[in-house]
Amino acid sequence: MRLVVLGGSGFLGQSIVQGARSRGDRVTVLGRQNCNLYDLSSLVQALETIAPDALINAAGYSGRPNVDACEMNKAECLAANAVLPGIIGQACHQLGLPWGHISSGCIFNKTEAAQRSFSELDEPNFTFRQGPCSFYSGTKALGEEVLQDASQCYIWRIRIPFSNWDSERNYLSKLIRYDRLLEATNSISEVNEFVSAVLDCFVMRVPFGIYHLTNPGAVSTTEVVQMIRESGIADKDFRFFNSEEEFMQVAATTPRSNCILSCQKALQAGLKLSPIREAIVRALHSWVPENQALYQRAA
Ligand SMILES: NC(=O)c1ccc[n+]([C@@H]2O[C@H](COP(=O)([O-])OP(=O)(O)OC[C@H]3O[C@@H](n4cnc5c(N)ncnc54)[C@H](OP(=O)(O)O)[C@@H]3O)[C@@H](O)[C@H]2O)c1
């Protein structure tokens, strides 16, 4: 398969590029450096020259070191998460090109009224329309709205990515590195399985639409910390905030979403996502510390 990846320099984009190349796909990375992505005719022209079989949009703005930064950079956040997907959708429609967009499960939040797991049929409830929400989540929900009528389009919702590669973007690394942790129960996504599922969508001709690409089940922060302790990769005194209120007062400027997503639709489509605890234990057992991870990735 000849593939174009937008955002191929990013955390998830790099994993998609590597995963696709290791399967033998020919991958071209398009980014702000080599194309005016926001100009429809420039993007169409670049895609016509490459003539790919499919496109994956891994470009987006999620803030560094975390989503609080999106509150300070609203214009870029809105452009990357809500405007850009619309332009890509127009370009792909014009070219009849199958494509997929990486969205986020953070457009849902467990509330007193919504305690259950969310499916693809549920309306997002952590959005500008149904606030309060973070600016980041609001723009990710808008990005999906823009694509409501998109043709030949997958929307993949990933949530709290983790893997065996130690890095500042890996959820497991964050738990090890943060000074204090917030107790919450969530669905989370193993990056390598997420990448395989994304690529399999095209190969297996999975019907276009929205898919929750999270590992089946949900885990609490305490459970993951316990698994980290048992794995022996970090021997520290994990400390927790007393409450979400304290976390908001001390460590955050914008609310976080916590939610459980149902991934039944993806499983029924034949996509492979292993049970959450199994995936975490596997990542911890094949853990690559950051200094070795950087070296091995570069090799
Ligand atoms: N990581 C997570 O925890 C997580 C969770 C759920 C969903 N997601 C979604 O997954 C996607 C990728 O996230 P990531 O963690 O891989 O992000 P990342 O590491 O920050 O990478 C973002 C990518 O998007 C590009 N980009 C950033 N701002 C842009 C803009 N204004 N216009 C065009 N391109 C822009 C960057 O390109 P440059 O090299 O040009 O900067 C980079 O290639 C995003 O849509 C994000 O919302 C991520």
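The residues of the shell around the ligand divide into 12 nonpolar, eight polar and four charged (Ala, Val, Leu, Ile, Met, Phe, Trp, Tyr, Cys and Pro count as nonpolar, Asp, Glu, Lys and Arg as charged, and the others, Gly among them, as polar). The structure is a predicted model, in which local features need pLDDT of at least 70 and side-chain atom pairs count only at pLDDT 80 or more, while totals for chains, interfaces and linings use all residues. Numbering starts from 1 along each chain as its sequence is written. In total, 24 residues surround the ligand, and the closest are G10, F11, G60, A80 and S104; a residue is near a molecule if its C-beta atom, placed from the backbone, lies within 6 Å of it. Two or more residues of the shell come from each of α1, α3 (74-95) and β4 (99-104), where helices (H or I, at least four residues) and strands (E, at least two) are DSSP runs numbered from the N terminus. The largest share, four residues, is given by α3.

Strand β4 also pairs with strand β5: six bridges join the two, which run parallel (strands pair if DSSP finds at least two bridges between them). In this pairing, G100 stands opposite Y154 of β5. Strand β5 (residues 153-158) pairs as well with strand β10 (residues 209-212), in the parallel sense over four bridges, and here Y154 stands opposite G209. Six of the six residues of β5 are buried, that is, 20 or more other C-beta atoms lie within 10 Å of their own, with C-beta atoms placed from the backbone. In a regular strand the side chains alternate between the two faces of the sheet. In β5 both faces are covered, with C153, I155 and R157 on one side and Y154, W156 and I158 on the other.

Helix α1 (residues 11-22) packs against helix α6 (residues 191-203), their axes coming within 9 Å and crossing at roughly 60 degrees. Axes are lines fitted to C-alpha atoms over the stretch in contact, and angles run from 0 to 180 degrees between N-to-C directions. The contact involves S15, I16, G19 and A20 of α1 and V191, V195, S196, V198 and L199 of α6 (C-beta atoms, placed from the backbone, within 7 Å). By class, this contact has six nonpolar, three polar and no charged residues.

The axes of helix α7 (residues 221-231) and helix α10 (residues 276-285) come within 10 Å and cross at roughly 35 degrees. Here V224, M227, I228 and S231 of α7 meet I280, V281, L284 and H285 of α10. Six of these residues are nonpolar, two are polar and none is charged.

Note on methods. Two residues are in contact if their C-beta atoms, placed from the backbone, lie within 7 Å. A residue is buried if 20 or more other C-beta atoms lie within 10 Å of its own, exposed if 12 or fewer, and partly exposed in between; C-beta atoms are placed from the backbone.
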